[in-house]
Amino acid sequence: MLRFGIISTARIGHEQVIPAIQDAENCVVSAIASRDLAKARAMADRFSAPHAFGSYEEMLASDKIDAVYIPLPTSQHVEWTIKAANAGKHVLCEKPIALNAGEIDQLIAARDRNKVLVTEAYMVTYSPVWRKVRSLLQEGAIGTLKHVQGAFTYYNKDPDNMRNIPSLGGGGLPDIGVYPTISTRFVTGKEPQRVQATTERDKEFGTDIYSSVRADFGDFELSFYISTQLAARQVMVFHGDKGYIEVKSPFNANRYGAEELELTNQNHSQSQHFRFQDCRQYKLEAEAFTRAALGQKEEVVTLENSKNNQKFIDAIYRASEKDGWETV
């Protein structure tokens, strides 16, 4: 069993990832670390983790864990990923793992120097829904892919939420813009060549709250919009000359809708629904990470993949400042 230590008592950890690790077949949560030992002990007791630490450094120095999960504010991801790797721990870090592509070179160097696994927590890449989309495209189920269309929105105007605080790495593109980009790249195996974009920022927070993006992949286009101040919506559609695939709840399955996709043929005379009950994509992520960390053959999100996705986001920001195409 791979023994995980959790850095911080962040919400996504105790609501999603820690329960997933505890339910996984090949790993377990062994320790919780917080700058407040009482908080660490309370969460450790809640999830039956045997160890609690009052500092992140103390946990990284411990031989009670083999790997860490990092759900800290985005601005701290690079720092603590490097510290964990230097401590000889495998690292599963929440997205985005960095705030610009250049920062990821430091992580690649730390990974290689310490011979550990470091991967960004894109749970969608482990989901059977998205792996089905990839296989349908590879099989030619919709013919030649011409256009991908997507949306990811929610409403959050809480000034104390890290997503609305620039110094913590807040903003719509780092938080949710990464999902249409990673999922399209994952299922097509293609990279964007150039982008056009518009981005709106909140006058009070200073964070980006809306982006509309058009990306040229050469053989097809991706267009999507994201927002942190619109009614909640998620959708991804892959449109070809022989049909299209619509992913109903592409990123937060169950929270926004069913874990399913619909394949519709050219003239709408036939539709197929593929439903995936209780996917538990965070559990699948933890199990895949563990297999890879233990040296087994497993497809995980590499840091090189993460760098390419961040280059995409970086280009969207640059394109938003100009009129016309921006090279990725």
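**Close-up views of a predicted model**

**View 1. Helix α5 and what covers its buried residues.** The cover over the buried residues of α5 includes α4 (77-86), β6 (118-120) and α9 (303-319). Contact means heavy atoms within 4.5 Å. This is a predicted model: local features need pLDDT of at least 70, side-chain atom pairs count only at pLDDT 80 or more, and totals for chains, interfaces and linings use all residues. Residues are numbered from 1 along each chain as its sequence is written, and side-chain values use heavy atoms, with hydrogens and water left out. Helices (H or I, at least four residues) and strands (E, at least two) are DSSP runs, numbered from the N terminus.

**View 2. The buried face of α5.** Helix α5 spans residues 104-114. Its buried residues are Ile104, Leu107, Ile108, Ala110 and Arg111. Down the axis of α5, they fall within an arc of 165 degrees, so they line one face of the helix. The arc is that of the directions from the helix axis to the C-beta atoms. Buried means under 20% relative accessible area, exposed over 50%, partly exposed in between (1.4 Å probe, protein chains only). After α5 comes Lys115, with a positive phi near 55 degrees.

**View 3. Leu294 in its loop.** Leu294 sits in the loop between α8 (281-293) and α9. Leu294 is partly exposed, at a relative accessible area of 48%. Ala33 lies 261 residues from Leu294 along the chain. The C-alpha atoms of the two are separated by 23 Å.
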